[in-house]
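Good morning, colleagues. Please look at the sequence and the structure now on the screen.

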Amino acid sequence: MTESSHLPAQERDGAGVSLETLAALACPPGAGAIADGAGARAVPRREAVALFEAGPLLLAHASLTARRLKLEPPPRSHRHLDVLELWAFVRPAQFCAPSPSGLALGLGLAEPRTPADQASVLREAAGLLLRELEGPALAHREEAYDLALSLSRMGWPWGPLVLEAMEKGGVRQRRARGSGLDVWNRLPEWEDEAPRGDPGSRPVDSESVRIRLDHLLQSRGLDEARPSQSDYAAEAAHVFAPRDEEGGVRLLLAEAGTGTGKTLGYLAPASVYAERNRGGVWVSTYTRALQRQIARESASLWPEKGRVVVRKGRENYLCLLNLQERVQASQLGQGDGIGMALVAWWALHSVDGDMNGADFPSWLPGLFAVGAGAQASPANLVDRRGECIHSACLHYRRCFIERTVRASRRADIVIANHALVMSQAAFDRVREQGGQRADVETLATTRIVFDEGHHLFEAADSAFSARLSGQETWELRRWIRGPETRGRRGRGLEQRLGELFSDDETAMRAMQQAIRAAGQLPAEGFAGRIAPPVGEASPSGPLEQFFKAALDQLRARSPDPNDLEGGLECALHPAIAPLTDAARAAALALAELEGPLKALARHLEDRLDEEADTLEPAARARMEGALRGLERRARLMLPAWRNMLSRLSQDDEVPSERFVDWLSADAGFGRILDVGLNRHWLDPTEPLSEAVIAPAHGVMVTSATLTDPMQAEPFDLARLRSGAVHIAAPARTVQVPSPFDYASQARLIVVNDLVRGDVRQSAAAMRALFMASGGGAIGLFTAIRRLRAAYERLAPDLAEAGLPLYAQHVDPIEVGSLIDIFRIEPDACLLGTDAVRDGVDVPGRSLRLLVFDRVPWPRPDLLHKARREHFGGRAYDDALARARIAQAFGRLIRRSEDRGVFVMLDAAAPTRLFAGLPEGVEIERMGLADAVEAVGAFLQRP
């Protein structure tokens, strides 16, 4: 008798449900189809709603299906059987786009082109996945059976069918079985290794780089490098040569047109450098999409474990202690047990535990986006508040973060992101200036390649800015005091660090002072006290008083304080009297907190020095981690906040020559959510050059769009926005054109007979253009409100024409998964904003039309207006818009056989904004009817 025989009858037999009797429902936008034993057929919406409400059904993404039917998503334990959940169980940590087409592609089935085909493929996919469970090759078979038993007890609709399939394949007879949930006890432990040491200084010559590039291409089945790619790689060798003098950073600005093959172009010299000098090279990207792409390419080139490591901030990795707490809470009925079990199963199979990485099914938490389903969200399972207890954690030796940090210190190539590189370099700089020891997570490299280098300015702007807000200060309060309401998860300062200070009365006194001082920071629910929906405000404490005064000034200075679309903002000076008074009190409260936190940091520094010869590695790591958290807050965050408040309390109306300060309020759902005081560098490349570029020996900034032909010298804008203008040694530049024949592969059309700003006309134009192209189209918007309005008008007609439409900010799927669906459905259409423009990489026929609703001018907020005045007025706006258009155009043609049309629906678009497009692209201005005809004719031509 098997273990599952002891399950209650309703769990054992699934209430009579079998795969043969289950119907499958597919609901692409505006359409629906059902597949059952009688075959597959289209159904009207009313029938689809009735079927969904009656259930059980086979679905792909229940939350998205419910939204398409204009229904509320059901709980995860509802009787519907989501095939994506079955995929997550059978093939954990394997990629699948969250749609019937994605399931078909993952299982090697033909692409379903119609709604009826999609419904049929759901039944076929479910059958194939269940048969995989019968096979002997299933990894972790016994643990999988234990987990299936647990899931069945939780009411997982797939449970009985999964158990039946696994028992057909055979399972061991055991008197007692585990839950299958305690994956934190079954992960391998990481091991420390001796330090690698400083890299050598052997030169990297151009000829060796060309040879290495040819070798890398041959390993991928290609004969040899194109001349442009080989020249690009040879120029990149400049970054990896040894320096000739202290501070003489080798800086290269390299533009490589789309199709050049720049990834292999810089990986070739990077790998030569790493092998000759036993040093690591960090490759940094701006988007996750490119980070994943480079990781895939590098893994295929260097399959040896540890040579290439993907590195992100700690807030990206699954925290095993958080996972354990969530799993245990769900077993007591406090949360989404099914979602947590599937996340735990993924963790056992994941390469690196990255919850924003390639092997985490980002669609999993959103399958049933109601109630406790959100608790499986990555935000609740990672360490995003700095609450890690390091070596005091039971799972420290299995920690994904610790394993990745150590692996990156030994790797040849570390694939990171701009935000991590900048924040870590800035923190390293502060510690060095203070004479502190090296951070265990230090940016241990002297060579950096910044891919997507056109985004360096934005990344630096974010990394080196400061924001004093209700949310930020509440997070600090929680970090110090822990959760103060029932049901909240977290660990306060005393819980994390009390053991380290227990033998020192002075340190314990400082800790208690910090905990008391943190009581003056905003508590949970601060927004309701600062800006209640009804009644009078009732702020509590000096910081909440400050934010209330800031909101008063925002409302007084805003043209329409009741229009909360996009939030509120206003200049800081001249400040109203209540705000300056509140700033003084807030600064004093922060000073009372800063002192004891610094005292705790000094205590840890003293112990690390005094006990250097006797500390165990684990104890040292815990102290270093604790010190890192204290220093970030006591020596970076709090001093920055106090400085901002100090200037405000003096009400100095003279504009700063280096910073822009302003007030802002975030809004949503028709009410104020947060209020903040912001400070940004006028030129964020100043701290970028000081903290990141100048300390390095070699830095490469590369992109397909670095030059601007409208500048006095093509690389002038790149020098300005990369920090090169702040480096004493002149940057070397190289420009390699794209190998594509844009004159024959692409067309550029500006539609000149639409009324600008009329979303009805824009939506109608997109509908006609999307139909002319037969799908494979992306519509880009500069405002979410217009995107949503256009979606409502586009979706029904496109669905009737058999063209599925997906939309960012509309569909309950994160943007990366939306792009995955779009990539595999060649006739799909997608609406999006900046994240789609910057993150999409869709070679082939799936992207053949790109439509902008209007010119992507920079948003004229207070910060941009200050920078526009500083950097050159109208010419600066033009340069930014020109770069955005060039970047978007670059998404269209990715391979030599691609064909595509770029359409701008803004008749007022100046010709000068298209000057950054590749040679051979000619602007054509015409009416919508002619544009529709031209798109159809061009894309249908062989």
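Among contacts in the protein chain between residues at least 6 apart in sequence, 76% join residues at least 24 apart; a contact here means heavy atoms within 4.5 Å. This is a predicted model, in which local features need pLDDT of at least 70 and side-chain atom pairs count only at pLDDT 80 or more, while totals for chains, interfaces and linings use all residues. Residues are numbered from 1 along each chain as its sequence is written, and side-chain values use heavy atoms, with hydrogens and water left out.

Let me continue with the chain as a whole. The protein chain contains 34 helices and 23 strands, taken as DSSP runs (H or I, at least four residues, for helices; E, at least two, for strands) and numbered from the N terminus. How does the radius of gyration agree with that of a compact globule? For 942 residues such a globule would have a radius near 30 Å, and the protein chain, at 29 Å, agrees with this. The radius is taken over C-alpha atoms, and the globule rule is 2.2 Å times the number of residues to the power 0.38. Along the principal axes, the C-alpha atoms fill a box of roughly 75 × 70 × 70 Å.

Of the 942 residues, 58% are buried. Buried means under 20% relative accessible area, exposed over 50%, and partly exposed in between, with a 1.4 Å probe and protein chains only.

I turn now to one helix. Helix α15, residues 400–408, is mostly covered, with eight of its nine residues buried. Among them are Phe400, Ile401, Val405 and Arg406. The cover over the buried residues of α15 includes strands β8 (308–310) and β9 (413–417), together with helices α13 (320–331), α14 (337–349) and α24 (617–649).

Lys262 lies in helix α11, residues 262–277. Is Lys262 buried or exposed? Lys262 counts as buried because its relative accessibility is 18%. Its side chain is joined to that of Asp451 by a polar contact of 2.6 Å. Such a contact is a pair of N or O atoms within 3.5 Å; within protein, one must be able to donate a hydrogen and the other to accept it, and residues adjacent in sequence count only if both atoms are side-chain atoms. Not counting residues up to four places away in sequence, Lys262 also touches residues including Tyr232, Ala256 and Thr702.

Asp146 is placed in helix α7, residues 141–153. With 7% relative accessibility, Asp146 counts as buried. Leaving aside neighbours within four places in sequence, Asp146 is in contact with Arg174, Arg177, Gly178, Ser179 and Gly180.
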